[in-house]
Amino acid sequence: MPARALAVLSLVLVMSACAAPQTGTFTPAPIVPAVSMDAVEEQDPTAPFTLSVVDGILEEVNVTSDRSETIEGAFSEDLTTWTSEGILDAGSTHTVVAKAVSSDGTVTEFEQQFTTEARESSGFEVADVTPVAEGEEVGVGAPIIVTFTEDAPDRAAVESLLVVESEKGHEGAWRWIDDDTVIYRTAEYWDGHQTVTFTANFEGEFLGDDTWGGADYTAEMVIGEANISVADLDSHTMTVEIDGEVAKEIPISGGSGEEYEYYTATGTHLVMEKMAEKTMVSPGKEEGDEGYYSTPVNWATRINATGEFVHGAPWNGSLGEANLSHGCLNASEADAEWFFNIAQRGDPVEVVGESSPRPMPWDNGWGYWIMSFDEWKEGSAL
């Protein structure tokens, strides 16, 4: 072959080699979701905020405040946004944690904090918690009666911020008796010998009607011995148990029923207060009226609001035999003093017996155990 032909052939071969296809794999760049949030420092707590994602969807969003509360929110239909719902805690740091994923499975994790504007207290606070007193132990039937400085702007909002914790566990519920008073009662009596803590978590909280809570409020109620008494008007005996053991059988005399108000009311009473000396005066009568009486007694332990007491009655010769009182539970001076000394506010005194047709209303003093627990719960705002 001529040299010129060989040269042409070599050029063709070289060109053919240069045109050969490349070998190997192509890796596209990952699609990275980008998450953003429109909340700002000093965010208005009444204004919602939104998380958004580009090049992906939101899989998770969790928002909490430094008051250990979780903020609710809603996703858009296409899962590209999440918007907060409700009112945020005022004057609080909020932490937002989110996770987004793209179509190729690339995950972006997002975490950011913001603060909310503070709000001054509107003056709605806890004014009193009963029965709570320094150094006092109360009974296993004790309610928690909370009185506020003013009417609750939104009962449900206020009640949701009230917390009751006990060392031995319990079930309980709140019942509103008016707009500035709410009462907590357990399903069963408290266990004795424990501390119960009540907290109103009001600081920075929206309570409705442009009302913001003031400082948190905490009170401790100490439950003492489980003193439970059953006063049987038919057998004329009051059996007193302390921590599950019968401590004393007390001969008593209940209401005579000479007039309807002179029947001792049946149902569960609670000890409300104690007076070493008290003068019993006939209800609704004045001196000179028929049936008027004014009698000094010793060791008076009140068990309802309308004048029923356990007290000493040395003049009553029918203790343990007949019902001759004006409605109180009469006992001997010695037995009344013994009961007075062991009685704690909130001790149950369960009055039973067919000889009295008079039931005690649930709102007579602390007659809250007259209601079933299901009935009690109907008074909750939640």
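**View 1. Strand E24 pairs with E25 in the parallel sense.** Three bridges join strand E24 to strand E25 (residues 329-331), and the two run parallel. Two strands count as paired if DSSP finds at least two bridges between them. Strands (E, at least two residues) and helices (H or I, at least four) are DSSP runs, numbered from the N terminus. His 311 has Asn 330 in E25 as its bridge partner. The model is predicted: local features need pLDDT of at least 70, side-chain atom pairs count only at pLDDT 80 or more, and totals for chains, interfaces and linings use all residues. Residues are numbered from 1 along each chain as its sequence is written, and side-chain values use heavy atoms, with hydrogens and water left out.

**View 2. E24 is covered on both faces.** The strand spans residues 309-312. Which residues lie on each side? Phe 309 and His 311 are on one side, Val 310 and Gly 312 on the other, and all are buried. Buried means under 20% relative accessible area, exposed means over 50%, and partly exposed lies in between (1.4 Å probe, protein chains only).

**View 3. A hairpin joins E23 and E24.** Strand E23 covers residues 294-302. Two bridges join E23 to E24, and these strands run antiparallel. Thr 301 stands opposite Val 310 in E24. Six residues sit between the two strands of the hairpin. Gly 307 takes a positive phi near 100 degrees there.

**View 4. Strand E14 pairs with E11 and with E17.** E14 (residues 194-200) is mostly covered. How many of its seven residues are buried? Six are. Strand E11 (residues 162-166) pairs with E14 in the antiparallel sense, over five bridges. Val 163 of this pairing stands opposite Thr 199 in E14. Strand E17 (residues 217-223) also runs antiparallel to E14, joined by seven bridges. Here Thr 195 has Val 222 in E17 as its bridge partner.

**View 5. A salt bridge links Glu 59 and Lys 99.** Side chains of opposite charge can pair when their charged atoms come close. A salt bridge is a side-chain nitrogen of Lys or Arg within 4 Å of a carboxyl oxygen of Asp or Glu. By this rule the count comes to 12 salt bridges. In this one, Glu 59 and Lys 99 meet at 3.9 Å, N to O. The pair links distant parts of the chain, 40 residues apart. Glu 59 is in strand E3 (residues 57-65), and Lys 99 is in strand E6 (residues 93-101). Glu 59 is partly exposed, at 44% relative accessibility. Lys 99 is also partly exposed, with a relative accessible area of 23%.

**View 6. Arg 67 and Glu 203 belong to a network of salt bridges.** The side chains of Arg 67 and Glu 203 meet at 4.0 Å, N to O. Arg 67 lies in the loop between E3 and E4, and Glu 203 lies in the loop between E14 and strand E15 (206-208), so the pair ties together parts that are 136 residues apart in sequence. Glu 203 has a relative accessible area of 43% and is partly exposed. The network links Arg 67, Glu 203, Glu 205 and Asp 216.

**View 7. Glu 117 and Arg 119 form a salt bridge.** Their closest N and O atoms are 3.1 Å apart. Glu 117 is partly exposed, with a relative accessible area of 28%. Arg 119 is partly exposed at 28% relative accessibility.

**View 8. Ile 57, Phe 75 and Leu 79 form a nonpolar surface patch.** Patches are made of residues with over 30% relative accessible area and no salt bridge: like charges are joined within 9 Å, nonpolar side chains (Val, Leu, Ile, Met, Phe, Trp, Tyr) within 5 Å. Together the three residues have about 220 Å² of accessible area, from the Shrake-Rupley method with a 1.4 Å probe; for residues, only the protein chains shown count as cover. Phe 75 lies in strand E4 (residues 73-75). Phe 75 is partly exposed, with a relative accessible area of 39%.

**View 9. Ile 252 is buried in a loop.** The loop runs between strand E20 (245-251) and strand E21 (267-270). Ile 252 has 1% relative accessibility. The C-alpha atoms of Ile 252 and Thr 237 are separated by 5.3 Å, and these residues are 15 apart along the chain.
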